[in-house]
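Hi,

Here is the structure I promised to send over. Have a look at it first, and then read on for what turned up.

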Amino acid sequence: MPILQAEQVSKEYQLDGRTISVLRTIDLDVARGEFVVIAGSSGSGKTTLLSILSGLDRPSSGRVRLVDEDITDLSEDQLAPLRNRLTGFVFQGFHLIPSLNALENVMFPAELNRDPLAREKAVELLDRVGLAQRQASFPEQLSGGEQQRVAICRALINDPAIIFADEPTGNLDSENSRLIIELLLDLQRDRQLTLLMATHSHSLSRRADRIVRIADGMIVGEERQAP
Amino acid sequence: MKLRFLLRDIVHSRSQALVFVLCVALSLVCIVAINSFRRDVQTAIVGDARALHGGDVIVRSSYPFSAGLEQALTELLARPGVTGARSWEMFSVVRRADEQGSLLAGIKVVEPAYPLYGRIDLASGKGLAEVLRPGRVVVAPAVLDRLGLAIGDQLLVGHGRLVIADLITAESLRSVDFFNFGPRVLVAAADLATIRLVEQGSRVRYRAMLRLDDGKQIAATVAALEARAVADQELVATYATAGSRVKRLFDNLFFFLSLVAVFTMLLAGIGMQSSLAALLRGKERSIATLRAIGADSRFLLRHYLLLVLLLSSLGAVLGIAGGMALERLFVDLFGQFLPDNLVLGTSLTDIIEGLAVGLAVVAFFTLLPLAAIREVKPKAVFSGSTENRPRRRETWVLLACGTFLLGGLVVRQLADLQVGLSLMAGILGLIAVISLLVGGLLAALRRLRHLPLPLRQAVRSLLRPGNASRSIVATLAAAFSVLLAIYLLQANLRAGYIDSYPPDAPNLFTLDIQKDQRQDFHLLLGEEVPLYPVIRARLTAINGNKIDRRAERKGRGDSLTREFSLSYPAGGEEDEELIAGRSLFPAEPGGRVPVSVLDNVAKMGDMRLGDVLEFNIQGVPLVAEVSSIRTRTRSMLFPFFYFLFPEEHLAAAPQTFFAALRVPAEEVSALENRIVSRFPNISTIDVGRSAAELAAVVDRLALIVTFFASFAILAGGLILVSSILATRLERIREVVHYKILGADSRFVVRVFFLENLLLGLFSGICALLVGQFAAFALCTYLFEVVYQPAWAATIGLVVLMVLAVVALGLAGSVAIIRRRPARYLRELP
Ligand SMILES: Nc1ncnc2c1ncn2[C@@H]1O[C@H](COP(=O)(O)OP(=O)(O)OP(=O)(O)O)[C@@H](O)[C@H]1O
Ligand SMILES: [Mg+2]
């Protein structure tokens, strides 16, 4: 049973009376623990697909199932607990909460969940990514790579089943990119995580279990790679 | 190309642009309307001053003219080119011939030449001289209505029985029926002896009006009359110098309205500043990008300057048009206060002046946001944020210049340097106090730990570096506090002067009872009531310093130059307490006559125990020494006297007596009838009805003030809206962040609710403190009414303010909360 299932997913935008098809009848299954890269040129629809699969956006037609639940028609409030416990997000632009320091950013999803161990878990995660000393720093006081590490910790604190990552290294230099990738992959292996990542990066793609190539909103090829 | 870019920019930030335009318009509406209206009213009053005062030269007195003055007048009137008319004005009760009804009327006895200037229109269309023959009167329509009489019926005036000959439809010489104490009754001078009101000791205003064919003779005439007139008692003035009640009323009213207008203008300015800042904030990335591709700051500055100019011109046109439209409304708003000959119009001067004021305000309030453009570094393309930039020195120079400019503007509008500067200082002080208060509250919040998550988030957002919460709270609180103060002031004035009519207070005043009428008066009443002696006099000097009549008369409040009523104890002063001195009249150490003064007049003249006061009692000097100072413990409705003497020193002075009666309401008019038919010289004042009329006046004034204050409320609302627009991006960011981390809408709404609640509460608390304090100070020190904080209403108002802040704040976020976050993710830098 796949953890994530997309059936005939399409997405259209209305622009000046014209209909723009961004995604066309996408079918995709992702198995538990799998690391899937979505690759494609700029504007091919990677971000759009990731948003729909994760429930941040609604498809124009088609269905999305996440861990045995059809999320296509769920309301924002019905999606909230799923986002909180089942999924984690990592973005190119980090998206940390500027009014909270590193530790508080990481703790936040656990606190929403009323987890009494939120602080301990957050401290442990920050320690794991080498930011034990920077707990009290605010996002604006951190470098891009550090911010992204905090964001990864935050995505992991509620032990999600699946992580969605949209070009997590897009804003980073090659050294930092390498660090982030290693970190993500280590974590994925340790925790049996499912990882769905959109990226241009070949070095990243090479490490994936499977590469799904899209162009013009359609899946144009899939490659499975030996681990 | 450039214009398209400009228009594109405006359309892209249309909400902010709209708020900006509205702010500019709002800042001008009140000023233009009030200035233009003021000009019209002044033209009406001053331009027609001859008609208003009835002559080129006017002599007034509260006593029969002295022999010297009479002689001077006779000599003058003998000259060619000089005509004159006399009038005697008094209040007296007029009655139906069958004694079945009576009415306090403003009686004016006039000579045939009256009016020399101005006009009196009669219902019949005939001239006054033709109709007003001996034995006849012409009356205002109210006399007929209230007494149920018709033209041709008889009317009892004093001891006279006169025939109503005509109705007055318009009168240019009316001294504005501010308090409608009595409708007009015109009596011919030939009947002065018939009605016998003057000899009987009624309070009469004697007036002689002169018309000079040669206008150049005015100054010489005034000098000639003044040389013979009794100083301080017989006042000689020209039509231009004679003060009028209308003019004073409007001077005061316009001064106050100017205050409100200036305040509205400043609030709207703050609105301009924050909406422009919001607009530019939204453009920060495109500005950074433009910079990155090589646009220099001159280009950018020019571009946005043009944008501001375009928007403010639009706002100015709207504001001026709105102001002109608003002025039309004033006629209804001001109602009975307006002079009859008012012509409304907006002159080019008003428009140009409005534009100049508008430009100055716009310039001041847009300087800072525009200057900030230069601070946007190309780097913002990457980081997206340029908050918290340090202020350059030139920013402060700009600010100082602007403040100076604005100060000049305020002073000019208020036409009073001292008040203008105090107002500016007051506003700066207000902002400083509120900033301190807010700073303290925020610091206290920072200390709090272990708050529930939503509250903690709300607090964190408020404390976020670069967040504008402090300035938002400061402006909101400033607006709120002024509104609250206006409300409290109005409520207190109403309560202090009108509503608090004590049940045991006298409701019928009888004045001008003669010495030899006292016995009969008591017989008629069937009981002994205290009769207070009244001796009319003027205060001429304090400790040898002459009272400066001109300086005193300029003041806005009560004046030491007016005529005072001296008295001696007659019983019934038990509601007064001594606050200085051992007793009312302790033994006289210096051998001088002792006088006990009331605290308010003591404050007015800065009088202390032992000070020497010089009085002029109808020509007879009296020197007295302050022996005690009294204060009142009861309402002003009970009789009181500013200056009390031992009886023996005033026994010989000309005096009348005054009684304050408490009569069941339904018996008031019957008693008035009996008193007046028995003693026509005695005036009675139905205080109950006067209070009702005063209440109507105060309500009308309150309506006017509230009307103008509502513009300040609007400006406050615009500030709120613009601050919400300014933080739109931040709020989107927050919603999206909370959502992707799994917060449901309840959580997000709760955070926003709490954040706005805190903002509202902070502003509300500051406004409450400042507003209450200001109203307390004004009531206690300026209006001298007992202050009632009206907590229930205050808290109700504050709750309303807080609700408005919360509602507006939430309304701006609901749409974001309900949508899927993906579409907003793209918007975020
Ligand atoms: N709100 C919108 N309205 C119209 N078109 C849109 C909208 N949002 C995205 N698109 C279009 O959808 C297409 C796919 O966009 P998407 O962001 O998914 O591409 P992407 O593969 O992530 O590109 P990149 O690698 O540059 O991030 C683009 O052509 C974009 O122009
Ligand atoms: Mg993308």
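Predicted model: local features only at pLDDT ≥ 70, side-chain atom pairs only at ≥ 80, totals over all residues.

A:Ile162 stands opposite A:Thr194 in strand E8 of chain A.

How many of the five residues of E8(A) are buried? Five of the five, in residues 194-198, so the strand is largely enclosed by the rest of the structure. As for directions, A:Leu195 and A:Met197 point one way from E8(A), while A:Thr194, A:Leu196 and A:Ala198 point the other way, and all are buried.

Now the sheet as a whole. It is an open one with six strands, in the order E6-E7-E8-E3-E9-E10 (chain A), and the pairing is mixed. Strand E6 (87-91) and strand E10 (218-224) of chain A are at the edges; each has a single partner strand, so one side of each has no neighbour in the sheet. On average, neighbouring strands of this sheet are turned by 15 degrees against each other, direction ignored.

An antiparallel pairing is the one between strand E9 (residues 210-215) of chain A and E10(A), over six bridges. Within it, A:Val212 has A:Glu222 of E10(A) as its bridge partner. Helix H1 (residues 46-54) of chain A packs on the sheet and touches E3, E6, E7, E8 and E9 of chain A. The direction of H1(A) makes about 155 degrees with that of E7(A).

One more helix to look at is H4 (residues 118-128) of chain A, whose buried residues are A:Ala118, A:Ala122, A:Leu125 and A:Leu126. Why are they on the same side of H4(A)? Because they cover an arc of only 100 degrees around the axis. What they pack against is helix H3 (102-112), helix H5 (144-156) and helix H6 (174-191) of chain A. After H4(A) comes A:Gly130, with a positive phi near 80 degrees.

Cheers

Terms used. Residues numbered from 1 in each chain as written. Chains lettered and ligands numbered in written order. Heavy atoms only, no water. Buried < 20%, exposed > 50% of the residue type's maximum accessible area, 1.4 Å probe, protein only. Helix = DSSP H or I, 4+ residues; strand = E, 2+ residues; numbered from the N terminus. Arc of directions from axis to C-beta. Contact = heavy atoms within 4.5 Å. Pairing = 2+ DSSP bridges. Axes fitted to C-alpha atoms, helices over the stretch in contact; angles between N-to-C directions.
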